Each structure stands twice: as structure tokens, then as C-alpha cells.
Amino acid sequence: MNKALLVAVLAGCTAVVSSQPRADYPAAPVPFTDVHLADSFWAPRLERNRTVTIPHNLAQLIESRRVENFERAAVAMASGQEGQFCSVFPFDDSDVFKAIEAASYALAIKPDPALDRQIDQLIAKVAKSQEPDGYLYTVRTIGGPPPQPWVGKQRWSYLYLSHELYNVGHLYEAAVAHYQATGKRSLLDIAIKNADLVVKEFGPGKRTNPPGHQEIEIGLVKLYRVTGNTAYLDLAKFFIDARGRAEGRVPFELDGKTQLLYGEYAQDHKPFVEQTEAVGHAVRAGYLYAGAADVAALRQDKAYLAALERIWRDVVGKKLYITGGIGAAGAWEGYGPAYRLPNASAYAETCANIATFLWNSRMQRLALDAKYADVMERILYNGVLSGLSLSGDRFFYPNPLASFGQHQRTPWFTCACCPPNVARVLTSVPGYFYAASHDSVYVNLFAEGRATMSARGTKLELRQKTEYPWQGDILIEVVPERPVGFRLHVRIPGWARNQPVPSDLYRYLEPPAGAPVVRVNGAEVRPPVEKGYAVIDRTWKAGDKVELSLPMPIRRVVAHEAVEADRGRVAIERGPLVYCAEGPDNGGRAANLVLRDGAALTAEKRPDLLGGVVAIKGVAEALVEKEGRVASESKTMTLIPYYAWANRGATEMAVWLARDPSRARVAREPGLSAKAKVTASPKAAYPQRVNDQYEPESSDDGTGYMHWSPQKGNLAWVEYAFDAPVTVSESSVYWFDDTGGGSVRVPASWRLLYKDGQQWKPVVLNEQPGVAKDRWNKVTFAPLTTSALRLEIQAQKDWSVGVHEWSVR
């Protein structure tokens, strides 16, 4: 949308636009519409996102009946009769809004009349579902039985889980994107009408319960920027300040108790400005921190800034995966304790990674410090890209760092927050490459292309030429309309300064090989490095060139000793990319590989592999069982970029490789248990994992377990049936227990039964059946011959039960 049209449309806004200068971020992002990437890495991905991912998501919204909810809401209003919500979750509305936002960004980049019409039609359905006073939440407007027990019949009830305000936060973001992309007010008017209602209902002296799932704060700030209506900014700040404060709140029921605060899960355990660590649901947290950064910039709130920096240090120092993934605890989709970073059970939800990426982009513009851009880059190239398949139509919800074949991408989810989220972020990726202030330009990310911006009132263009992330040579040509003096800040990535992340959570094992080199017009210079940026202050004229040469050796990374899951293991990086071993390149295995310190590794360009990558090759040891004995075999190992895994079917994968044999998992020969057919009692999840022969490292190891959650206190069973009668005399069980991360505990008791004809009979055991954690619980008995065995398990009261492995001999 051109500037003249933008001014004209703004003049028609219903809100009053303030003419007073306002505080803001010290540097503004260069809009994605002014950045044009023309490289072989990002440009094809952005086009595939536009032509495949966005249309795929729009089709899935129809197929999953999310769009139909808006139609049913309109019918319910017109008829006065209650209907039936036809998808699963009350937050399904937000997926429609995120898809509109992604499509709007695509329209801003490239006109598409068919897509434009499709979005107009979708917005028309949204408009008809909005109640006369602006209320918009289809599950309540439709009426009828709620799809979930945590959706109340009354407006603004159950805000802890209802997502009522979360949904409209995404509406506001979509409305601003659509308005700025097309100049149309259709969705913006819907958003303003709703926001005015929310302003009327919430605030000092009104309703004080904040949203249970943050997001509206970000949307309100965006509406404020477009309309100038300070009531929206005020309400965003009110919602943030209301966290951790019980005054004036309407109580709600949780786990049979009446409560006022939502607790750590929703970052509502103490006032935001008093919070010191990241806790609870990671997406909620990331959106809170991003919204708080916006308010901090616009209100120059030092208390907010201090809280954000404290929390950021906690995340980057204790809770960040090497891939940039966020969230170790699947039970609440969020942060675990400090240094608890399990690999196979890593949640690292795509939405959490995106939320943290958005937060760090704001922190960079607040502090003008490259350490935040370092985290942005790590998340983007690894934790965000991993959430989308190379084909553009398959997704990951969690992004684990190890797999034993239990993970595979899917075209959609019942809870489908991630697919439209990754689409909207990828479409706008160019907008994160540069930032600018009056007298400074910041180059945060690298890719071939061009960008237009201004410095000291002079329009200029920056042109990058590079093969990043595969090569570290970057040429930046500066082309101002006329000679102009300004400071060019070129980020020197942390990985090129011997620092994987801006903390001691990870470190490189070997000393650096070479240092970054900066040249201006061919001459090597040593500019001052300020907050991670090489700062070149000069009068620039058209054709001036800056060359940044970043050595890109293969680096071994080790984790802080407190990260138990990574002790004795090593991760491999090259440039901004984290690598992994995947089964198809390594004989079907990854967990049994041992990469010794000092083993030679080489980079190899592979245009034929996974859309074109630089792979890493070396010699590793593979641990295998042969005739009952463990043997070590030397084999060629191939590593691929982590983002590219799981594009060739379900298979093993490992980011962290064993440095010594004790940390590898032996590839076992099929034993008696592995040959059995597995069945289990109703509602058992993943029963096939009970005999996959992957021995866990501990009871809370998130790899390859079966469970009966959310059933609690139940009597469960799992059976082995054999093709022919077998003679057995020993049984061992390794219990799953996720204390501190979930609802599964070791059982109250268990027993073993064998099949005699058509009857199940108890096995007379020589020992009391054990329920110990972190070890095998073995029992022996007189040899017996049977065609089937049953493990019968009594769960503890109020707890679920799970099994890692069940072995019989």
C-alpha cells in the first residue's frame, strides 16, 4: 500500500490519531515489503510458503470446519436459536485469523486476485458472525453444548482457559496486516469494533481478570499504531500489569478449588515487573514478553525493561535448546526447571519458538544489541524452519532433538495453532533482516537481496550478495541517493565470535579457527565492535562496499554440565545451522553412533540432498549387538541440517551424539520381547513402544514409552502374544515416571500372568514385583511354557501409569 493511500485511509479511521510525537523503539524494523530476498535459501521458501503453505492452510480451515463456525454463529444470531459448535477447541477462531494475516502479507508482496477474493469472502463471514456490540467469539455466539468443559456460557467467564481474548488478539494482528496490505478497512473495522468493546469492559474500575493466554497485548499495540487510539495501548499495559494481582478479580474454579490467580502456568503467580524467570506455558510466556517489550518501548517503562532482561537471561542461560527450541515440559507445553532439557521428549513447540523469536526481535530493537539477534537467528534457522516440511504442507507441533521413529510430520492438527503461525512468520521473515534509526542502520541477518530504507533523511538501498547460510562471505553494497553520513552496524554473529549463545549454557569444544574480517572498498579495517556489531561510521556514497568474511568451520558444541541429558554428548554446528544424524543417511540408525573427540569432519555440498544442503561427513563408531555381544563398528557418518529432518518418513534422529560408548544406545538384535505381538487395555497410547528395545536412561526419559494418561488410578494391562509357545523364566519392567513434568508415576503394584489354554493364570514369582524408578525391576520364576504373557498394572490413586520397556526371557 503506498504512503499516500495509507495517509488517506488513516484519515478515515474512527479513532483519533494523535499528532504528538511519541516514544518508541530506538530503531524501527525495515518493513518486509521493502526487503527483497533473491537467494537460493530463503527466496524459494518464501515462494513455497505463498503458493503451497498458505493455500494448504486455508483449505484445512474449511475441511476442519473452523470456517463453518463463523457461518453457524451468523445463523444463530439471525435465527435466535442455539446451534452446535462444529470443531474441537474454542481457540479455533484464531487459526482463521492467523491464516488471514499470512495471506495478507503474501498479498503485500505479490498481487494475487484469486487469493484476494478468497480472503474478502472469509472476512465477510467473520463480519456476519460479529454481534452488534462488537463481541466476536463463535463458540458463545453459536451457543449449545460447549466443546470443552472450560468454556462458560457467559461472556468473559473462564478467561483462564477460554482463549476469548487470545482469539481477538490474533484478529487485531490480522486486521492490521490486511489493512496495510490492501488498504481495505473490512477487517480493520471489525477489529476496532471489538477492541472498543474490550476497552469498555476491561480496565481500572471495570473487569480486572487478564487473559489466560496472552496475545491480545500484541494485537492492541498494533491497533494503537494504526489508529493512534491510546486506549488500546493503555489496555495492553493494564492486562500486563494485572498479572499476579488479585484485586477486583472474579474468582474461578480450578481442580475443585476457587482461585483468583491463574498461577505459574499463565505467568500469573506474581506481578510481571517482579518476575525473574520464565515459567509455565511457553507460548503464553513468549507472547507476554513480546507484548511487554512493545509497551516498554512505547511507554519507556524501565521496570518492564528490567523484568524482560532478567527473564531473558534465565531463558538463554538455563532453558534454551541448542536448536533455539523453547519448552522442555510437554505436560504443560512449557518451561521446565533450570537446565532440564531432555532431547527426545523436548516439546519445543513451533509456536513457542515463534513467540520467542518475536520477543527477541523486539529486544534487539530495544537494546540495539546483537546478542538478541543471535538468538533470533538460532531460532529461525533451526527451531522455526524445523516446524515446516520441505514440501510446505506438513508440520511439526513439538520439535524434539532425538527420535526413535516415533515422530513424523502431519498435514494438520486438531489443535492447529502451529501451521498458520509458521506461515505468517515465514511470509514476513524479510522484515527481520534490518532495522534503522535516524542515523544508524542495523544489519541483523544475512541473505542475498536488496532493501530500501532511510538514514538522516536520505533514501538508500543496501544490496547483499552472499551464499549464507552455506558460506560466510557477505558483500554489502551501499547505494544512497546522495552522499550521506550514518553508522552502519553489521552484526558479527555470536557463533563467529566463539559463542554459540550469549551465556555459558553451551560452549564450543575446540578453539576458534580464524576470526571475522571486515573490509571497506577492498581495504581491511578494524572497526569498533559495539554490542556485537561492527560499526562503520562514514559518509557513504553510491557503490561503497563492505565485505564481511565469517570463517565457517565445523564446530563441536557441549552443554553446561548441569544439563544432564547432554553430558557425554556433543552437537555439531556450522555457521547458524545445527546438524543432526538421521537414519536414512546412517543405515537406519542414529542413537547408536559414537563421535569421538578429534574425529575428522568435513563439509560437503549436496545439491541432490533435501533440496540442496551442505552435509557434514565423518567416521563414527556404531554400537551393535551380535550374537549377544556388543560390538563397535567403524562407519561413515552423514549429518544434515536439523531443519531438514523427518522429510523422508519416520526414522531415528539425534542432535546430541555420544562422545563415548556409554552414552550411545546399542542397536540390539531382536530378542524374545521384540518378536511378540503387543496388545494393551483400552486407551493405551503407543503400546508398540514397550518392546522397541530402546533402553531408557532414566524413568523420566521421554523416549519410546507407552502410557495410559490421562486415565488415573486405573487397572491397566499390556500383553505379549507369541507365534509359537515359548519357555520363559524372567521378566523385567522399566517404569516411566515424569515427576516434575507430567501426571505419570510408577504404579502402586503389578503382577505377571501367563496364558494356559484360554485362561489367564498368575505367575508365581520368586521376588516381590518392584516399582523403583530409574532401573529395571526384575522378577524370576520357575520356567513355564506359554503362548502369551500379560503385565497387569494398578496405577496409583490420582496418577496415570506408563512403561518404557518390558523384557521377558
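This is a predicted model: local features need pLDDT of at least 70, side-chain atom pairs count only at pLDDT 80 or more; totals for chains, interfaces and linings use all residues.
Trainee: How many salt bridges are found in the whole structure?

Mentor: A search of the whole structure gives 61 salt bridges.

Trainee: What makes Glu68 and Arg65 a salt bridge?

Mentor: The closest N and O atoms of Glu68 and Arg65 are 3.0 Å apart. The cut-off is 4 Å, so the pair qualifies. Side chains of opposite charge can pair when their charged atoms come close.

Trainee: Is Glu68 buried, exposed or partly exposed, and what decides it?

Mentor: Its relative accessible area is 23%. Buried requires under 20% and exposed over 50%, so Glu68 is partly exposed. Arg65 has 33% and is therefore partly exposed by the cut-offs.

Trainee: Why is the pair of Asp133 and Arg155 called a salt bridge?

Mentor: The closest N and O atoms of Asp133 and Arg155 are 2.7 Å apart, and the limit is 4 Å, so the name applies.

Trainee: What does the pair of Asp133 and Arg155 tie together?

Mentor: Asp133 lies in the loop between helix H5 (113-129) and helix H6 (138-142), and Arg155 in the loop between H6 and helix H7 (164-182), so the pair ties together parts that are 22 residues apart in sequence. Asp133 is partly exposed at 35%, and Arg155 is partly exposed at 26%.

Trainee: How do you know that Arg648 forms a salt bridge with Glu582?

Mentor: Their closest N and O atoms are 2.8 Å apart, and that is within 4 Å, so Arg648 and Glu582 count as a salt bridge. Arg648 sits in the loop between strand S24 (629-641) and strand S25 (652-654), while Glu582 belongs to strand S20 (residues 577-582), so the pair ties together parts that are 66 residues apart in sequence.

Trainee: Which residues are linked in a network of salt bridges?

Mentor: Arg66, Asp92, Asp95 and Lys98 are linked in this way.

Trainee: What makes strands S10 and S17 a pair?

Mentor: Six bridges join strand S10 (residues 473-480) to strand S17 (residues 544-549). At least two are needed, so S10 and S17 pair. They run antiparallel, and the bridge partner of Val478 in S17 is Asp544.

Trainee: How do you know that S13 pairs with S17?

Mentor: Four bridges join strand S13 (residues 517-520) to S17, and the requirement is at least two, so S13 and S17 pair. These strands run antiparallel. Val518 has Leu548 as its bridge partner in S17.

Trainee: How do H7 and H9 cross?

Mentor: The axes of H7 and helix H9 (residues 216-227) come within 7 Å and cross at roughly 30 degrees. The crossing is left-handed. Among the residues that meet are Leu165, Val168 and Tyr172 in H7, with Ile216, Leu220 and Leu223 in H9. By class, this contact of H7 with H9 has ten nonpolar, three polar and two charged residues.

Note on methods
Residues are numbered from 1 along each chain as its sequence is written. Side-chain values use heavy atoms; hydrogens and water are left out. A salt bridge is a side-chain nitrogen of Lys or Arg within 4 Å of a carboxyl oxygen of Asp or Glu. Buried means under 20% relative accessible area, exposed over 50%, partly exposed in between (1.4 Å probe, protein chains only). Axes are lines fitted to C-alpha atoms, for helices over the stretch in contact, and angles run from 0 to 180 degrees between N-to-C directions. A crossing is left-handed if the near helix is turned anticlockwise from the far one by less than a right angle, and right-handed if clockwise. Contact means heavy atoms within 4.5 Å. Ala, Val, Leu, Ile, Met, Phe, Trp, Tyr, Cys and Pro count as nonpolar, Asp, Glu, Lys and Arg as charged, and the others, Gly among them, as polar.
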